Structures are given as C-alpha cells and as structure tokens.
Amino acid sequence: MTEIVTRFHDAMRHMSADELADLYAEDGVHEFPFRMAGMVPRYNGREEIRAGYTASWGASPAVVEDIRNVVVHQSVDPEVLVVEHETAVTVDGRPSTVPGLLVLRVRDGKIVHTRDYMDATAVAGLRSGRTG
C-alpha cells in the first residue's frame, strides 16, 4: 500500500493534478482540515479533485523541488496510512519547506479519503513572500 504514497508524492513533485486525481476512487474525498482563508474545505469526487488541484497548482508561485523526511505509519485499520512529509519548494528563487501530514484511506488500490494537514502558516508565508 505504500506504493500509493510514492505515487501521491510523485504527483506533488510534478504538480500534476491528473496524476493525483487518478489515484482516487471516482467518489473519493480530499479534505483540508487546516486551511487558509479562501480555501475550500474539501474536494468531493475524482473530477473535483482534478479541477481543484489544476487551479491551485496552476496559480501557485511555488515550484515543488522534493518531498523529504517521509515517514509512513500503518494504522490498526488496514485501509489507513498516516504519512508525515516535508515539501521542499522554491518561490521566486527562495527555498522553503512546508511540513505536512496525510491520513489516507485506501480501498481496492484507490484513495477513497484523504485528510490533508498541511502547514497553512507556511503556505501563507509562501504567498506573502516570507519563506522559512
């Protein structure tokens, strides 16, 4: 099941909404429990995930350079993985790191639910030109 984590991180590295959305079941859900003002709380369904990430990654000033310090924790629930990671990005030539945590529920090889806990403060700093 960790292969799906590798493919998720590859989609992030490529900033490819198509690669990401293709990991999801047709009725998959991607939630953002910690979000900035103006962010949607969730994407419902594969095509909404595709459209949402196409728009957000397309508008982002950040370029994903790497996903580092990945730690995958298997839950007592065999469908659930908890993934810690740091996303190394560059914004206008300035490097920064955005910590994150994913809780993935995978069924029959497809993601059915994601809770995406990214550091909204770090992301807001990218948007304002502050990096860390």
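User: Thanks! And what sort of model is this?
Analyst: This is a predicted model, where local features need pLDDT of at least 70, side-chain atom pairs count only at pLDDT 80 or more, and totals for chains, interfaces and linings use all residues. Residues are numbered from 1 along each chain as its sequence is written, and side-chain values use heavy atoms, with hydrogens and water left out.

User: Is His30 buried or exposed?
Analyst: His30 counts as buried because its relative accessibility is 0%. Buried means under 20% relative accessible area, exposed means over 50%, and partly exposed lies in between (1.4 Å probe, protein chains only).

User: Where does His30 sit, and what is it in contact with?
Analyst: His30 is found in strand β1, residues 24-31. Strands (E, at least two residues) and helices (H or I, at least four) are DSSP runs, numbered from the N terminus. Leaving aside neighbours within four places in sequence, its contacts (heavy atoms within 4.5 Å) include Phe8, Pro41, Tyr53 and Thr114.

User: New topic: what order do the strands of the sheet have?
Analyst: The open sheet has 6 strands in the order β2-β1-β6-β5-β4-β3, with mixed pairing. Two strands pair if DSSP finds at least two bridges between them. The edge strands are β2 (42-44) and β3, and each of these pairs on one side only. On average, neighbouring strands here are turned by 20 degrees against each other, direction ignored. Axes are lines fitted to C-alpha atoms, for helices over the stretch in contact, and angles run from 0 to 180 degrees between N-to-C directions.

User: Which helices pack on it?
Analyst: Helix α1 (residues 2-14) does, touching β1, β3, β4, β5 and β6 (110-118), and its direction makes about 165 degrees with that of β3. Helix α3 (residues 46-59) also packs on the sheet, touching β1, β2 and β6, at about 50 degrees to the direction of β1.

User: How many bridges join β3 to β4?
Analyst: There are 10 bridges, and the two strands run antiparallel. A hairpin of 5 residues joins them, and Val64 stands opposite Val89 in β4.

User: How many residues are in the largest nonpolar core?
Analyst: It has 26, and those with the most contacts inside it are Phe8, Leu20, Tyr53, Leu104 and Ile111. A nonpolar core is a set of buried Ala, Val, Leu, Ile, Met, Phe, Trp, Tyr and Cys residues joined through side-chain atoms within 4.5 Å. Helix α1 gives the most to this core, with 5 residues.

User: Last one! What is the phi of Asn69?
Analyst: Phi of Asn69 is near 50 degrees, a positive value in a residue other than glycine. Most residues other than glycine have a negative phi. Asn69 is in strand β3 (residues 62-74), and it counts as exposed because its relative accessibility is 53%. Asp92 also has a positive phi, of about 50 degrees, and is in the loop between β4 (80-91) and β5 (94-107).
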